[in-house]
Amino acid sequence: MSFRSCVSALDFSQPPGSVDAVRANADLDEHRTMIADRPNADQASACSVILHHARLAALAGLVFGALMLAATQLTAQSATSDRTLVVLGFGGSYGQAIKDVVIAPFERQTGIKTIYNETCCASVGSAMEADQFLADVVIGIDYGGLLSWANRNYLRSDERFATLAKECGMPSQFVRPVGLVTQEYAYVIAGHGRDQHLPISWAQIWDAKTFPGPRSLNRISPSGQMEAALLADGVAPDSLYPLDIDRAFASLDRLRKSTKVMFAQSGADQVNMLATGAVEYAIGYSNRIYAGIRDGLPISYTLDQGLHTEVAAGLFRTARNVDGALAFLAYQMRPEVLSAIAERTGLRPLCPQMLKPPEAGAASPATGGKEIRLNFEYWGQNRESVGNRWVEWIVK
Amino acid sequence: MSGGAHPRLPQSLSGAALLAVLACLVAAPLLFLLKLSLAEPHFAAYRAVLASQSLQTVFAQTFKLAFWTALTCMILAVPTASVLHGLPTRWRIALLWLIVTPSFTSYLVRTFAWIAVLGRTGPIQFVGALFGYEDLSLQGTFLGVVIANIHMLLPLSVVCVYIVIDAALKLQLRSAAVLGATPSLRFTAVYIPNMMPGILGGTTVVFLLSAGAFLVPALVGGGRQTTVAQVIYIFATELLDFARSAAIAVMLTGLVVIPALALFFMRSAKVARRDGALRAAWLVARAFAFVADSRIGSRMISICAYGIFAFCLFVIAGPLVYLVLISFQPLPVLALPTGELSLRWYKAVFSDPTWIEAIGVSLRIATAVGFIAVLVGYAAAAVSLRPGGARLQGPMTAVCLAPMAIPGMAFAFGLYGVFLKLHLLGTEAGLIIAHSMVALSFSYVYLRAGLARYDPWLDVAARVLGAGPVRAFLTIRLRLLAPAIGAAFLASFLASFDEIIITLLVAGADVRTLPLRMWTSATQDIGPELAVPGTMIMLLSVFVAIASMSMTETATDDRRQLDRKELRTS
């Protein structure tokens with residue numbers, strides 16, 4: 001086509017990208033019909049310019065993408081060498097304490113590069129089902145949860161666990177075949193306000209007339225809360241297990257009918273709701289409440305009818321650095337380290353000679369006549385079936 | 001240049017190849033979900049889902065949330081967009097930026113702000129207490145979740161409506177006025193029908209996004225407001241019931257995507273619908289003309305419109321201001337500081353290397369995603385706009401927009417399964433690919449709009465006037481498309497920089513992005529700490545907004561001068 005016809009095809013009075021979009025679009029449509037109507041060189045030249053650039057762009061994209069992939073693959077591989085130890089655990093104030101008092105000094109003393117992954121435990125199931133490496137060792141997890149992982153063959157056992165437990169003089173009931181029990185905490189009655197006149201039994205927590213105000217339960221797991229519901233319904237502490245799940249949910253239904261019930265997404269959520277007064281009472285984690293009080297928050301708790309349970313560490317089946325993980329656990333079980341963790345997090349060591357630090361003692365559930373302990377065997381076997389019902393009950 | 005008898009064959013081949021690759025990338029996660037959900041014999045997973053009354057409640061609640069969010073957003077967006085349009089240019093641009101800027105701020109940070117705003121110590125409760133209401137805390141209520149969700153999606157709906165208002169519509173309105181149409185008639189018979197594409201498109205997008213809502217109900221819902229996306233996440237990560245999780249994901253995708261597809265194909269019946277809308281509008285106009293066209297009535301209506309506009313600005317920007325104040329709270333609690341202010345959390349964040357590292361990782365990934373999404377999006381847009389390539393246009397648009405339409409959590413779970421097979425899980429490369437797919441939706445939309453307005457004859461003109469292919473590309477095409485390319489890059493960059501749902505499932509222990517770090521902070525450490533990076537990001541986006549605002553202003557000034565010069569020379 002001639003130069004003149006080409007120029008005349010362009011509407012110079014209407015620069016593209018100007019405000020008159022409709023006009024521009026109409027112009028373009030016109031051009032397109034023109035193009036479509038003329039099966040000759042005009043079409044070829046116009047299309048091929050577009051196409052040429054589209055192809056160039058696609059090619060450049062592919063090359064760039066490939067380069068990027070190669071680069072990231074290389075950096076990703078160098079990030080986790082064999083010597084690196086990956087520890088999985090929770091974040092928040094607990095994670096910070098672990099990083100400060102365990103991981104940093106451990107790295108300094110042993111030279112083992114340690115990565116702390118604080119996203120426990122969303123990706124555990126998927127990684128293990130796929131036989132993938134996620135982390136070498138998990139710490140600070142509820143013992144019932146650890147057992148249900150063991151039942152799914154996510155974990156590997158190691159005889160050195162028992163040695164570590166015995167070295168610190170742990171009572172034999174806590175030396176278990178799977179994992180390493182490290183500390184304990186309790187599900188306790190917690191309240192908003194510093195000098196709160198707290199209920200002293202779960203039955204009173206369930207009594208919204210005498211103790212009015214919203215309550216919070218913990219969304220993440222039914223353990224502890226089933227027991228509390230049954231105790232509130234009048235079941236004697238000795239005859240809790242095996243749990244009467246139907247009765248427990250009926251009891252929870254009653255609570256939900258009598259007052260507003262919130263569900264804390266995490267320990268931090270629980271503490272925040274208590275501290276801001278979004279809820280008046282909660283089934284609290286003793287360690288988180290303790291840490292909150294230590295930070296000056298207006299919350300309180302009582303150990304009456306506290307439901308004690310253990311936290312533990314475990315080795316993943318796909319662990320790469322088992323010796324490093326064991327060295328890490330041995331370091332964590334040292335008396336001074338456990339005491340430092342207890343002071344920061346309120347998690348109470350189970351080794352008798354370490355119950356000394358007064359603050360940790362104050363944080364820990366008082367041992368005595370009223371202690372009720374969660375049955376880990378029950379929860380190891382029933383965690384998933386009760387968990388399913390728990391999720392369904394929450395969303396009901 | 002080309003000649004030959006069959007110039008179209010290799011061209012359509014390259015377009016078809018691109019389409020096929022993209023389609024495979026989008027389809028693979030869905031196929032994985034389907035396979036996983038059928039892992040147990042006799043549709044056991046589906047039957048378990050259908051038998052559960054609680055899950056039915058969750059589905060109903062999710063769609064209730066999506067419905068109310070989409071409806072309210074549109075009711076608020078139409079007057080807001082029209083008020084915006086009536087403002088003088090300078091104000092219009094400034095206020096439009098004020099509405100859009102929060103979208104550049106992290107989604108997670110904004111959600112987090114709502115935990116504080118709706119909470120017991122928040123401003124709503126405070127105002128309620130002044131009027132004697134003891135418990136106005138909206139935390140954990142349906143209303144609270146809807147409000148927070150509206151905050152998230154309102155900017156999008158305003159923009160969707162705003163962009164269809166253009167010079168032609170203004171001209172039509174003026175003509176209508178000249179021909180004697182009353183204000184109410186102009187609004188209902190000209191304004192609304194012309195905005196129908198924007199309203200429908202905006203409502204659809206908002207509905208799709210809220211049907212897949214995860215973050216807002218998870219963080220603001222107080223555990224009481226559960227959506228389907230949350231249930232997928234809980235089953236996949238906590239109860240480890242993968243088949244059931246996949247079945248729920250497939251059902252959610254089907255329930256969301258089928259209506260969207262129906263809408264997509266219904267667009268051919270656009271003319272008929274416009275006629276219907278016109279007739280309905282005419283009736284409405286007749287009914288309300290008496291009120292609206294009286295002097296008091298019209299004034300009241302414009303006051304209402306301005307009121308809605310102010311309310312929208314408040315809902316969009318208010319929580320962010322509140323979050324800045326919270327960052328000075330001395331105690332680890334999400335509440336306004338009552339006594340002294342403290343820089344405790346600023347010190348904590350700046351002394352924590354994980355924050356800095358996370359920002360580095362996110363910047364790196366987002367930059368790569370920006371480049372990839374722009375290049376692929378450009379190619380896809382060029383293919384779909386090719387003259388004579390009409391057959392590829394529909395499928396290409398569907399494929400490019402699918403990652404946005406498929407509920408995020410379902411797509412994330414599917415991608416997770418695919419990456420597992422390809423050993424891409426927990427690698428930066430995997431995350432870049434995943435993010436690029438989401439970002440492609442944005443870059444495709446921007447680049448397609450840009451290319452549709454671009455006149456391909458300009459290339460021809462440049463070549464005829466003696467420019468080589470490279471020079472013609474750089475000086476004409478690239479320069480004129482620069483705004484579209486810039487917008488596409490920015491949108492893709494932000495889509496990746498802010499992505500959390502896919503990242504939660506696909507990034508392993510090694511790739512720690514900023515949203516992932518924030519997620520940890522928001523879920524495991526609910527305190528003012530997250531308000532600090534939130535404040536930083538907000539300052540940054542305000543800075544970017546002001547910078548780009550002044551840049552567009554100078555650009556329009558330049559353009560105006562250029563136009564004038566051209567006029568003079570011609």
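Two strands count as paired when DSSP finds at least two bridges between them. Keep that in mind, since pairing is what I will talk about today. The model on the screen is predicted.

First, the whole chain. Chain A has 16 helices and 11 strands. Of its 396 residues, 58% are buried. Take the contacts between residues at least 6 apart in sequence: 76% of them join residues at least 24 apart.

Now please find strand β9 of chain A, residues 299–316. Which strands pair with it? I will take them in order of number.

Strand β3, residues 137–142, runs antiparallel to β9(A), with 4 bridges between them. One residue pair to look for is A:Ile141 with A:Ala312.

Strand β4, residues 155–156, is also antiparallel to β9(A), and 2 bridges join them. Here A:Arg156 has A:Leu315 as its bridge partner.

Strand β5, residues 180–192, is joined to β9(A) by 11 bridges, again antiparallel.

Strand β11, residues 372–373, runs parallel to β9(A), and the two share 2 bridges.

Why is β9(A) described as largely enclosed by the rest of the structure? Buried here means under 20% relative accessible area. By that cut-off, 15 of the 18 residues of β9(A) are buried, so the strand is largely enclosed.

Methods
Residues are numbered from 1 along each chain as its sequence is written. Chains are lettered from A and ligands numbered from 1 in the order in which they are written. This is a predicted model: local features need pLDDT of at least 70, side-chain atom pairs count only at pLDDT 80 or more; totals for chains, interfaces and linings use all residues. Side-chain values use heavy atoms; hydrogens and water are left out. Buried means under 20% relative accessible area, exposed over 50%, partly exposed in between (1.4 Å probe, protein chains only). Contact means heavy atoms within 4.5 Å.
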